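Please open the structure in your viewer and keep the selection tool at hand. The tour below goes from one selection to the next and says what is found at each stop.

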Amino acid sequence: MKMTGAKILIESLKKEGVEVIFGYPGGVVLPLFDELYDVPIRFILVRHEQGAAHAADGYARATGKVGVCLATSGPGATNLVTGIATAYMDSVPMVAITGQVKTFLIGNDAFQEADITGITRPITKHNYLVEDIKDLARIVKEAFHIARTGRPGPVLIDLPVDIQQQELEFHYPEKVDMRGYNPNYEGHPGQIKRAAKAISDSKRPVIYAGGGVIISEASGELIELAKNNNIPVTLTLLGMGAFPQTDKLALGMLGMHGTAYANHAIMESDLIIAVGARFDDRVTGKVDAFAPHAKVIHIDIDPTSVSKSVDVDIPIVGDAKRILKELNANVKKPDTAAWLEQIEGWKKKFPLKYKDDDKLRPQYVIEQIWEATKGEAIICTEVGQNQMWAAQFYKYIKPRSIISSGGLGTMGYGFPAAIGAKVGKPDAIVFDVAGDGSIQMNIQELATAVSNKIPVKIAILNNCYLGMVRQWQELFYKKRYSYTCLKGSSPDFVKLAESYGAVGMRITKKADVRAALDKAIKTDNVVVMDFVIEREENVFPMVPAGQAINQMIEGGLA
Amino acid sequence: MKHTISVLVENKFGVLARISGLFSARGYNIDSLAVGMTEDPTVSRMTIVSEGDDKTLEQIKKQLNKLIDVIKVVDFKEGEFVDRELILLKVAVSSKTRKEVLEAIDSCGAKIVNAGSKTISVEAAGDQNAIKSLIELLRPFGLMEVVRTGRIALEIGDKALSGQGKPEANE
C-alpha cells in the first residue's frame with residue numbers, strides 16, 4: 001500500500017515500539033501532526049521544544065528505551081539543541097525528529113530554515129537529512145539502531161515537508177546494514193584475564209563505576225564483583241544507583257564534590273577498576289596527580305574513552321555486563337581487610353555532614369526525601385548546588401533512580417526530564433530537586449505536567465541565589481556576588497504553581513519538611529514545594545578546580 | 001610527528017564536514033586533506049596529514065573510527081607507503097631570469113604548462129621532498145601563486161586498504 005512520507009515515519013516509529021513522543025507542532029511538520037491525530041502513540045505537547053528534548057531524555061534514562069522528540073524546522077529545531085547536547089554528553093538513546101523546509105528550498109534562507117544537521121553534527125551520535133522518500137524507512141531503522149546500541153546517544157532525522165507529502169510503498173527493513181558501524185561488545189579474553197589477575201593480586205582496589213553500568217544493565221554483576229571480593233565502590237554522578245549506597249562497601253560519589261573517603265581511597269589505591277566511566281575532569285581533578293599509586297583497569301564500550309585523559313594499564317573495550325560476568329568467573333578474592341579498615345577510618349573521620357541545628361538546610365530536605373521514599377523514588381535534578389546535595393544526601397539503591405545532567409550540566413534539565421521519567425515510569429514517585437535559578441529555565445513545562453496529568457513533585461531549594469556560582473564567588477572571588485543574587489526578583493512559586501493548576505507549598509521551618517513531603521507525595525497532582533533554605537549554605541567537601549582530589553575544602557587533607 | 005592517515009568513508013553528502021568538523025572541534029591539526037572517489041563509487045578515500053603526539057594521534061584514529069560514515073582508518077607507518085602531491089605554481093620571469101628559471105624547472109623534473117613573457121606556470125608531482133625543493137628553488141624568482149592538492153598516499157605491496165579487488169583475481 002502506498003503511504004505518505006509522514007505516514008511512513010509514524011509507521012516506522014510504531015515498528016520501533018515507540019509509545020510516546022514529546023514535541024511541539026509547526027509549519028513544516030503539519031503532515032506529521034495530521035498523522036499523529038489518530039495514531040495510538042501518546043503525544044505530549046510541551047511548551048518549549050527544549051522541554052521536549054529533556055523529557056525524551058528523562059524518559060530514556062528512566063526506562064532504558066529510546067526517547068523520541070519532535071519539533072518543527074528553524075527555531076523549533078534549534079530549541080532542541082541544548083537537549084540533544086545534554087543527551088549526547090550523557091550517552092542517552094534518543095531520536096530527535098525535525099521538520100525541514102521543502103527540499104528545493106534548502107539553502108535558500110527559506111522561512112524557518114536552519115541547517116540543523118550542520119548545527120547538531122558535533123552533538124549527535126549521527127544525523128540524517130532525508131533527501132529521498134525511498135531512504136526514509138531505512139533511515140528511521142538505522143537511527144534507532146545507532147541510538148540504542150554501542151555507546152548510546154542522540155540521532156537526529158531532518159525530514160523536509162515535501163518528502164512528508166510524497167507517497168511510496170512502505171517496507172520496513174528487517175535489519176540494518178552499515179559497514180562503518182559495528183560496536184564491539186565482547187571484551188578481549190586476554191585482557192579480561194590480565195584484569196582478573198590484577199584484581200586478585202591487588203591490596204587496595206577501588207571500583208570506580210559510572211553511567212555505563214546503568215546503561216549496560218550491569219548493576220547485578222558489579223555488585224557481585226564488589227561483594228564477592230570485598231572491593232569498595234565509588235560512583236560517578238551518573239553511576240549512582242549502580243551499587244546500593246546503603247551497603248558498607250559503598251563510598252558514595254567521588255570527585256569535586258565527592259565524599260572525602262572516596263577521594264582518599266582513590267588517591268591511596270593500588271588498583272582502580274573503572275567500569276563505564278570516562279575520567280571526567282570533575283572526577284579526576286588534577287589529572288597528573290590522580291590515583292598516583294594505582295594501576296588502572298578500564299572497561300568501556302567506547303574506545304575513545306580509553307586513555308583519553310588518564311593513562312590506562314589494562315583497557316577492555318566492550319559491554320560492561322558481559323565483561324564483568326567474565327571477570328566474576330575469573331577473579332580470586334584478594335585480601336582487602338586492612339584496606340577496608342583504613343577506609344572505615346576515613347569514613348568515621350570525614351563523614352558527609354552539615355550543621356544539624358534548627359535551621360532549614362537543604363541537606364536535611366534531601367535526607368527527608370530519602371526518608372519519605374526509602375530510595376524508591378526517581379530523583380531528577382537541576383544543575384548546581386541542588387544537584388550535588390541530591391547526589392550526596394539521597395541514598396540511591398537501584399539503577400535509574402537518579403536522572404541528572406552530568407556531562408553538559410544543563411540548568412533547566414531536571415523538571416522536563418522528570419516529566420519524561422514519570423511518563424515512562426507512571427507508578428514511580430518522581431521528584432525534581434531544583435534550585436530557584438534552574439527551575440525558572442523551563443518552568444513553562446508546569447502547563448505540560450498539569451494538563452497531561454503527570455504528577456511530578458518539584459522540591460525547590462530556594463536560597464534566592466544562583467547558589468553554586470555564588471559559592472565559587474565566595475570561595476575564589478572575594479565574595480563579589482556578581483549577578484548571582486535573585487532576591488526579590490523571583491516569582492512567588494506557590495502562586496505560580498497555583499496559576500498553572502498545580503499545588504504550591506511553601507516550607508520555611510525544618511519541623512514542617514517531612515509533613516509537607518508526605519502531603520506532596522499523596523497529592524495526585526503536580527506539586528511545587530518552595531523550601532526557603534539557609535541562603536549561604538555551601539556544598540562540601542569541595543576540590544578546588546585544578547587540584548588533586550584529596551585536596552578538599554572541608555574534607556581533611558591527606 | 002607528522003602522520004599520514006588514510007580514511008575510507010561512505011561517499012555521501014556531508015561526510016567531509018563530519019571529518020573536518022571533528023578535527024576543528026577537538027583541536028586537532030590538519031596539514032593537508034585530499035579526498036576523492038575510490039575504485040568503489042560508494043566509497044571515498046581521504047588522505048589526511050596530521051601532526052601530534054602519540055596520544056593525540058591515537059585519539060584522532062579512534063574518533064575517526066567512531067564516526068558512523070567512516071569505514072576504515074589506517075595510519076601509515078614510515079616506509080610502508082608512497083605519497084605524492086600535485087602542485088601548480090606561477091613564477092615570475094624576466095628576460096634576465098628566464099634561462100635560470102627554466103633550468104631550475106627542468107632540474108626538478110617539473111613541467112611547464114604555460115609560458116608567458118612575465119610568468120611561467122609549472123606543474124609538478126612528487127613526494128614531499130620533491131615538492132619542497134621545487135618551491136624553494138623557485139621562490140627567489142618570485143612565486144606569484146602556489147596551488148597544492150594535498151598529499152595522497154598508497155601502501156606499498158599487494159595488500160589493499162579496501163580489501164576488494166584482490167590481486168589474484170587478475171591472474
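Select A:Val206 and A:Ile272 first: in this predicted model, A:Val206 stands opposite A:Ile272, a residue of strand E12 of chain A. Now extend the selection to the whole of E12(A), residues 271-275. How many of its five residues are buried? Five of the five are, so to speak of E12(A) as mostly covered is to follow the count.

Turn the view until the side chains of E12(A) can be told apart. A:Leu271, A:Ile273 and A:Val275 point one way from the strand, while A:Ile272 and A:Ala274 point the other way. Both sets are buried.

Strand E9 of chain A, residues 205-209, pairs with E12(A) in the parallel sense over five bridges. Strand E13 of chain A, residues 295-300, is also joined to E12(A) by five bridges, and these two strands run parallel. To see one pair on that side, select A:Ala274, whose bridge partner in E13(A) is A:His298.

**The domains of chain A**

Colour chain A by its domain assignment, which gives domain 1 (2-169), domain 2 (189-349) and domain 3 (362-532). Show domain 2 and domain 3 of chain A together: their centres, taken over C-alpha atoms, are separated by 30 Å. Where they touch, the contact takes 13 residues from domain 2 of chain A and 13 residues from domain 3 of chain A. What classes of residue does domain 2 of chain A bring to the side that touches domain 3 of chain A? That side divides into seven nonpolar and six polar residues, with no charged ones.

**A sheet of six strands in chain A**

Now select strands E15 to E20 of chain A. They form an open sheet of six strands in the order E16-E15-E17-E18-E20-E19, with parallel pairing. Look at the edges: strand E16 (402-403) and strand E19 (503-507) of chain A each have a single partner strand, so one side of each is left without a neighbour in the sheet.

Strand E15 of chain A, residues 378-381, runs parallel to E16(A) and is joined to it by two bridges. Pick A:Ile379 there and find A:Ile402 of E16(A) opposite.

H17(A) lies across E15, E17 and strand E18 (457-462) of chain A.

**A helix with a buried side**

Move on to helix H20 of chain A, residues 467-476. Which residues of this helix are buried? They are A:Gly467, A:Met468, A:Arg470 and A:Gln471. These residues lie on the same side of H20(A), because they cover an arc of only 155 degrees around the axis. Then step past the helix: H20(A) is followed by A:Lys478, whose phi is positive, near 55 degrees.

**Across to chain B**

Show both chains and select the residues in contact between them. The contact takes 14 residues from chain A and 16 residues from chain B. On the side of chain A that touches chain B there are five nonpolar, six polar and three charged residues.

Hide chain A and look at chain B alone. Chain B holds four helices and nine strands, and from the N terminus on they run β-α-β-β-α-β-β-α-β-β-α-β-β. The C-alpha trace of chain B spans about 55 × 45 × 30 Å along its principal axes. Of the 171 residues in chain B, 22% are buried.

Colour chain B by domain: domain 1 covers 2-75 and domain 2 covers 82-152 in the assignment. Their centres, over C-alpha atoms, are separated by 29 Å. Six residues of domain 1 of chain B are in contact with five residues of domain 2 of chain B. Strand E2 (32-37) and strand E3 (43-51) of chain B each supply at least two residues of the domain 1 side. The largest share, three residues, comes from E2(B). By class, this side of domain 1 of chain B has three nonpolar, three polar and no charged residues.

Note on methods:
Residues are numbered from 1 along each chain as its sequence is written. Chains are lettered from A and ligands numbered from 1 in the order in which they are written. This is a predicted model: local features need pLDDT of at least 70, side-chain atom pairs count only at pLDDT 80 or more; totals for chains, interfaces and linings use all residues. A residue is buried if 20 or more other C-beta atoms lie within 10 Å of its own, exposed if 12 or fewer, and partly exposed in between; C-beta atoms are placed from the backbone. Two residues are in contact if their C-beta atoms, placed from the backbone, lie within 7 Å. Ala, Val, Leu, Ile, Met, Phe, Trp, Tyr, Cys and Pro count as nonpolar, Asp, Glu, Lys and Arg as charged, and the others, Gly among them, as polar. The arc is that of the directions from the helix axis to the C-beta atoms. Domain bounds come from an automatic or database domain assignment. Two strands pair if DSSP finds at least two bridges between them. Axes are lines fitted to C-alpha atoms, for helices over the stretch in contact, and angles run from 0 to 180 degrees between N-to-C directions.
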